[in-house]
Amino acid sequence: MKWLKFAWLNTLRNRRRSLVTVAIAALGTAAILLAGGFALSTYQALAQAAARSSGHLVVGRPDQFTQDEDTPLQHGLDDAAGLRARLLADPAVRHVLPRVEFSGLISNGDKSTVMMASGVDPDGEFSVKGPFLSMTAGEVLAGGDSAQVMLGEGLARSLKARPGSSLTLLASTTDGALNALDVRVKGVFSTGVPEIDKRLVYTDLGTAQKLLNTTRVSTLGVFLDRMASTPAAQQRVAALFPALTVQTWLDQAFFYRSVRDLYNRIFGALGLIIGVIVVFVVANAMAMAIIERTREIGTLRALGTLPSQLLRTLALEGMLLGGSGALLGACLAGAVSLLLYVVPVQMPPPPGRSTGYPLTIAVDPLMFALTVAGMLLLAMAASAAVARKTVHTPVVDALAHT
Amino acid sequence: MSGHAVELRGVHKTYRLGQHVIPALQGIDLSVARGELLALTGPSGSGKSTLLNLCGLIDSADAGEIAIDGQAVTGLDETQRTLLRRDALGFVFQGFNLVPVMTVAENVDYPLFLAGVPAAERRERVAAQLLAVGLHDHAAHRPDALSGGQRQRVAIARALVKRPKLVIADEPTASLDSHTADQVLQLMRERGHAEGAAFVIATHDERLTRRCDRVVALRDGRLL
C-alpha cells in the first residue's frame with residue numbers, strides 16, 4: 001500500500017502534466033469503447049435481423065443448401081406439417097415457419113419483370129418477425145388470404161401496381177411446366193434495400209404451392225426463445241432429424257459476417273492506433289517525470305531501495321495515470337451511450353439502403369473491463385519500460401544528475 | 001578485518017576521462033571505529049567524495065579491500081550491496097535529498113519500511129527519532145515547509161532511524177548558516193554516540209572538524 005501511496009503522491013507533483021495525460025488516456029479509452037460499442041451494437045442489430053429473417057435455425061434437406069435445383073423445390077421438404085409438429089415439441093422452439101422460395105416472372109399484362117418470391121405463413125411470418133418491413137401502401141398479408149401478394153416498393157413502381165391491382169405470376173412447376181396464377185396486390189413494402197425492393201414478392205404458402213404445383217416447402221425456419229439457445233437447439237434438432245441439415249442463422253447471414261469482418265478490421269486498427277497513442281503519451285509523461293527525479297531515484301537507491309522496488313512504484317504511477325484515464329474514459333463512453341437513448345441521433349442510410357437508422361452504442365461490461373484492464377497494463381508496461389534504464393543507473397551518476 | 005564500522009585496506013580507485021586515467025585514490029588504509037566521528041578534509045579533487053562513495057557502497061574500488069562492520073564487501077553483487085546499504089548504512093547529503101512528496105515522518109519512516117520493520121515499531125521509532133532531533137511537532141509537514149537546518153535534521157533522523165553502523169555525510173553543513181551548522185553538528189555528534197553509529201564526514205568546515213573525534217586529510221588521493 002505504501003508503494004501505491006508513493007506512486008499516487010508522485011502523480012500529484014506535476015498536476016498539469018498528469019491531468020493532460022489522464023485526459024488523453026480518458027479520451028482514447030472513450031473513443032475505443034464508443035467505436036467498439038457501435039460495432040457491437042451493429043453486430044447485435046444485424047444478428048437479430050438475420051435471425052429474424054431466416055429463423056434461428058433453418059431446417060432443410062442437405063442438397064437444399066449445397067446444390068442448385070433443376071426444377072423448383074427439387075430439394076424441398078415433403079412432410080412440413082409433421083416436421084413442424086416434432087420441432088414444436090422442443091422446449092426452446094417458439095415458432096416453426098415453412099417457406100417456399102421461388103423465382104419467376106410477374107406481369108401487369110403490359111409488362112413483365114423478374115421476381116424473387118417467398119411463399120410464407122403470413123400470420124406467423126409477419127407477427128414473429130416483427131417490424132422488419134415498412135409498409136408504404138395497403139396492408140400486410142394475413143392468414144386466410146389467398147391469391148394475394150405484397151410487392152416491394154421498386155417492383156410496384158415498375159409495374160405501376162398499387163393495392164387492389166391485378167397481376168399475374170408465372171413460374172415453372174415442380175415438373176417443369178410453366179404455370180400462371182392471377183393475384184391481387186394487397187400491400188406494398190420497403191425492406192430499406194432498393195435492390196431487394198425491385199424484385200421481392202411475398203405471397204401466402206398455399207398460393208405459392210398452387211403456382212408451383214407442389215405440397216413441398218423449401219425450408220422450415222425455426223424461431224427459438226432466445227439467441228443464446230441456438231447452438232444447443234441446433235444439436236438437438238440435428239439429432240432429431242439425422243437425414244436433414246440444420247443450419248443456424250449465422251450460416252445463412254452472409255451480410256452479417258461480411259460486416260463483422262470489415263468492422264473488426266476497421267475498429268481493430270482504430271483501437272490499435274489509439275492504444276499506441278495513449279501508450280506514447282503515458283510513456284512520455286513518465287519519461288519526463290523520471291528524468292526530473294533522477295537525483296531522487298539515486299537517493300532512494302543509496303538508502304537501499306532495490307531497482308525492482310523503484311520499477312514497481314514507477315509502474316504503479318503509470319498505472320494510476322493510465323488507469324484513472326481509462327476509468328474516466330469508460331464513464332464518458334457509458335454516459336454517451338446512455339445519452340443516445342435519451343436523445344436519439346439518426347444515422348444516414350448505409351450504402352445500398354434507402355433508410356437511416358438510430359445510432360446506438362452497446363455497453364458491454366466485458367468489453368469495458370477488458371479495455372480498462374488493457375489500458376492499465378499498457379500504461380504500467382510503458383512506465384516500467386521508460387523507467388528501466390534510470391533505476392539501473394549507477395547511484396553515483398544518478399546522485400550527480402542535475 | 002573486524003571491530004570497525006568501516007575498514008579500508010590498500011584501496012585504489014581511478015577514473016578515465018577520455019584518454020586520461022585519473023587516480024582518485026591511491027592505496028588508502030583507513031579504519032573507523034564504531035561510534036567514532038571522523039572528519040575527512042582536503043581540497044576539491046583530493047578524493048574525499050570518492051572515498052565517501054566507496055565507504056557508502058555506491059561505488060566500487062578498483063583494488064583493495066573494504067569491510068563494513070566486519071563484512072567484506074569485495075565481490076558482492078549490486079543487490080547484495082543495496083541490501084547492505086539498506087541495513088547498515090545511513091546517508092546525510094549536502095542538499096538534504098529528502099523526498100518532497102513525503103511528510104517529515106514518512107521520510108524518516110522510509111528506511112524502516114524498506115527494511116520490513118513492522119508498522120507499530122516503525123511508528124514508535126520514527127516518533128522517538130523526531131523527538132530526538134526536535135522535530136516531533138513537524139511530523140506531518142512536507143520538507144518544503146521546513147528551513148534548511150530543519151531539513152538537515154530530518155535527514156539525520158532518516159539516516160539514524162534504522163540504527164546503522166556507519167553514516168556517510170557529504171558536506172552536511174555546507175548549505176547551512178553558521179548557527180544552524182553548529183546545531184546540526186552537535187546533533188550528529190549526540191545522536192551518533194547515542195545510536196552507536198560511526199560518522200564519516202567530508203567537510204571543508206573547520207568548526208565541524210574541531211568537534212570530530214578524528215580528522216583525516218586527503219591530498220591527491222592519498223591520506224596525509
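In chain B of this predicted model, L8(B) stands opposite I66(B), a residue of strand β4(B). That pairing belongs to a contact between strand β1 (residues 4-17) and strand β4 (residues 63-68) of chain B, which run antiparallel and share five bridges.

**Sheets of chain B**

- Strands β1 and β4 of chain B sit in an open sheet of four strands, ordered β2-β1-β4-β5 and paired in the antiparallel sense.
- The edges of this sheet are formed by β2 (20-33) and β5 (71-72) of chain B; each has a single partner strand, so one side of each is left without a neighbour in the sheet.
- A further open sheet in chain B has six strands in the order β6-β7-β8-β3-β9-β10, and its pairing is mixed.
- Its edge strands are β6 (89-92) and β10 (222-223) of chain B, each of which pairs on one side only.
- V167(B) has F199(B) as its bridge partner in β8(B).
- In general, the strands of a sheet pair through backbone hydrogen bonds, in either a parallel or an antiparallel arrangement.

- Helix α1 (residues 48-55) of chain B has seven of its eight residues buried, so it is largely enclosed by the rest of the structure.
- The buried residues of α1(B) include the leucines L51(B), L52(B) and L54(B), as well as K48(B) and N53(B).
- After α1(B) comes L57(B), which has a positive phi, near 60 degrees.
- D59(B) lies in the loop between α1 and β4 of chain B.
- This residue, D59(B), is partly exposed, having 19 other C-beta atoms within 10 Å, where a buried residue would need 20 or more.
- Although 46 residues separate D59(B) from K13(B) in sequence, their C-alpha atoms are 9.6 Å apart in space.
- With neighbours within four places in sequence left aside, D59(B) is in contact with T50(B), N53(B) and L54(B), and also with V396(A) of the other chain.

**Chain A: overall form**

- Chain A contains 15 helices and 12 strands.
- Its radius of gyration is 31 Å, well over the 21 Å that the globule rule gives for 402 residues, so chain A is more spread out than a compact globule.
- Along the principal axes, the C-alpha atoms of chain A fill a box of roughly 100 × 45 × 35 Å.
- Of the 402 residues in chain A, 40% are buried.
- Among contacts in chain A with a separation of 6 or more, 81% join residues 24 or more positions apart.

**Chain A: domains**

- The domain assignment divides chain A into domain 1 (2-49 + 256-400) and domain 2 (62-243).
- The centres of domain 1 and domain 2 of chain A, taken over C-alpha atoms, are 50 Å apart.
- Contact between them involves six residues of domain 1 and seven residues of domain 2 of chain A.
- On the domain 1 side, the touching residues comprise two nonpolar, three polar and one charged.

**Contact between chains A and B**

- Chain A contributes 13 residues to the contact, and chain B contributes 17 residues.
- In chain A, α1 (2-11), α12 (294-302) and α15 (395-400) each supply at least two residues of the side that touches chain B.
- That side of chain A has six nonpolar, four polar and three charged residues.

Notes. Residues are numbered from 1 along each chain as its sequence is written. Chains are lettered from A and ligands numbered from 1 in the order in which they are written. This is a predicted model: local features need pLDDT of at least 70, side-chain atom pairs count only at pLDDT 80 or more; totals for chains, interfaces and linings use all residues. Domain bounds come from an automatic or database domain assignment. Two residues are in contact if their C-beta atoms, placed from the backbone, lie within 7 Å. Ala, Val, Leu, Ile, Met, Phe, Trp, Tyr, Cys and Pro count as nonpolar, Asp, Glu, Lys and Arg as charged, and the others, Gly among them, as polar. Two strands pair if DSSP finds at least two bridges between them. The radius of gyration is taken over C-alpha atoms; the globule rule is 2.2 Å times the number of residues to the power 0.38. A residue is buried if 20 or more other C-beta atoms lie within 10 Å of its own, exposed if 12 or fewer, and partly exposed in between; C-beta atoms are placed from the backbone.
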